[in-house]
Amino acid sequence: MTNLKQKGKTMKTQPPSAAGSSKAAKIGQNAASDAENKHPIGKIQFVKRAQVFFRQNWVEVDKSDFHFNLKKIKEYLAKDTKIMPVIKANAYGHGGIALAKEAQKAGVACIGVSSLEEGISFREAGIKSPILVLSNVFPLENLQVAVAHSLTPTISNMAGIMALEDLAVRLSKKLNFHLEIDTGMGRIGALPEAAYQILQKIAQTPEITMTGMYTHFAVADTDPVFTQTQLDAFLKVVKFARAALGLKFTAHAANSAALFRNKRTHLDMVRPGISLYGLSPFKYAERFVKLKPVLSWKSRITFLKRVPSGFCVSYGRTFVTNRASVIATIPVGYADGYNRLLSNQGDVLVRGKRCPIAGRVTMDMTMIDVTGVKGVSLGDEVVLIGSQGKEQIKADELAKMQDTINYEITCAISPRVPRIVV
Ligand SMILES: Cc1ncc(COP(=O)(O)O)c(C=O)c1O
């Protein structure tokens, strides 16, 4: 133990693991008892291999908060409206497999992913729920990969229908798919005018079954009028498929914003993503349903020093102390997804107090100004996103500083940061 004097007081510094917090205290080497903490080498053998990490930089994913959000969304829907949690892009950075397992436990109708790779990883992890791939399969030969792993592909045009029909004939197997209609997103999907011919072909092709038809809203968070125009265009195609062609399928359209703002978008199934993770799809979303952020991003102080006034910190020497200061280093950098735009801008939490980022965020380490944090010590938990004491840093706060959306903040947390389900 070393001593660090600050403003006439003595600060005691401890080994990193000694300053644990509630759930985090159970993680990695911090699971060790106080006695073990005195002898760091001896701790590792008591920890499950999968949970060992040494870098003091991790994400905690609270599965009970995920279930809480799922329940709140369910309560917002009519009884027979199904839910397809969108667990793509590694569950918006939260950890895809772990949350897909939780979604399955909750008995969701289907899980949405963005790629064949994500779907395959879920299957390999033992997930049995129906899985819809929410992007187009390219090249079309890859449809057989979807079929081999029981993943439902999205089809967006006649070429896709023909390729799926060919595959069904070759495999002598009825194949399911969802058809996407582009009513104004302009991404993938058949335009409504092209959809009529495609639907006629589908109705005449018994080898393939359209189990779902969907569209995606472009401005559900900001523009209810355009969203209604998209919904109307979609409903017209749905009506044609059902009334004129007698097709039976699940119709779905609503992302989180649409789900909250317009109940008419719910149809047979909704596709919430961001709201399941407890993040707001638009500014006042909490007025509709109060959700709990599922993700916290944490680190620990791994280096601590007193510096004089006029001392420069980090690349570019952009931060200069204007008083005798205490500067801490945390093992978090832009290679972890902690954006360089947060340099000299962002805050983190230490002992329940906001502490500013001092100087530039570097690739693997960032410095923080902890002057004035009473009792600050080596090993203190640092919260980058989440709560500590009465303070909270939301992904939205970081998003604002980076001129982006909360979605990108959690998605950007790099795979090298361990995700721990608590
Ligand atoms: C096709 C599709 N549906 C649903 C969602 C979920 O959207 P949100 O996260 O806004 O709820 C997404 C997300 O991008 C998507 O691409």
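Predicted model: local features only at pLDDT ≥ 70, side-chain atom pairs only at ≥ 80, totals over all residues.
Reader: Which residues of helix 8 are buried?

Author: They are Ala195, Ile198, Leu199 and Ile202. Down the axis of helix 8, these buried residues fall within an arc of 105°, so they line one face of the helix.

Reader: Why do residues three or four places apart point the same way in an α-helix?

Author: An α-helix has 3.6 residues a turn, so residues with that spacing point the same way.

Reader: How do you know that the buried residues of helix 5 are on the same side?

Author: Start with the names. In helix 5 (residues 116–124), Leu116, Glu118, Gly119 and Phe122 are buried. They cover an arc of only 165° around the axis, which puts them on the same side of helix 5. Glu117 and Glu124, on the other side, are exposed.

Reader: What do the buried residues of helix 5 pack against, and what follows the helix?

Author: Their partners include helix 4 (96–105), strand 5 (111–113) and strand 7 (151–155). Gly126 follows helix 5, with a positive phi near 90°.

Reader: Why is Leu267 called buried?

Author: The cut-off is 20 or more other C-beta atoms within 10 Å. Leu267 has 20 C-beta neighbours inside 10 Å, so Leu267 counts as buried. Leu267 sits in the loop between helix 10 (256–261) and strand 11 (269–270). Its phi is positive, about 50°, although Leu267 is not a glycine.

Reader: Why is Ser172 called exposed?

Author: Exposed means 12 or fewer such atoms. Ser172 has 7 other C-beta atoms within 10 Å, so Ser172 is exposed. Ser172 is in the loop between helix 7 and strand 8. Its phi is positive too, near 50°.

Reader: What makes Leu167 partly exposed?

Author: Partly exposed lies between the two cut-offs, 20 or more for buried and 12 or fewer for exposed. Leu167 has 19 C-beta neighbours inside 10 Å, so Leu167 counts as partly exposed. Leu167 lies in helix 7. Leaving aside neighbours within four places in sequence, Leu167 is in contact with Leu143, Gln144, Val147 and Leu175.

Reader: Where is the cis peptide bond from Phe138 to Pro139, and what is its omega?

Author: Omega is near -10° for the bond from Phe138 to Pro139. Pro139 is in the loop between strand 6 (131–136) and helix 6 (143–148).

Reader: How many helices and strands does the protein have?

Author: The protein has 12 helices and 22 strands. Of its 422 residues, 46% count as buried.

Methods:
Residues numbered from 1 in each chain as written. Helix = DSSP H or I, 4+ residues; strand = E, 2+ residues; numbered from the N terminus. Arc of directions from axis to C-beta. Contact = placed C-beta atoms within 7 Å.
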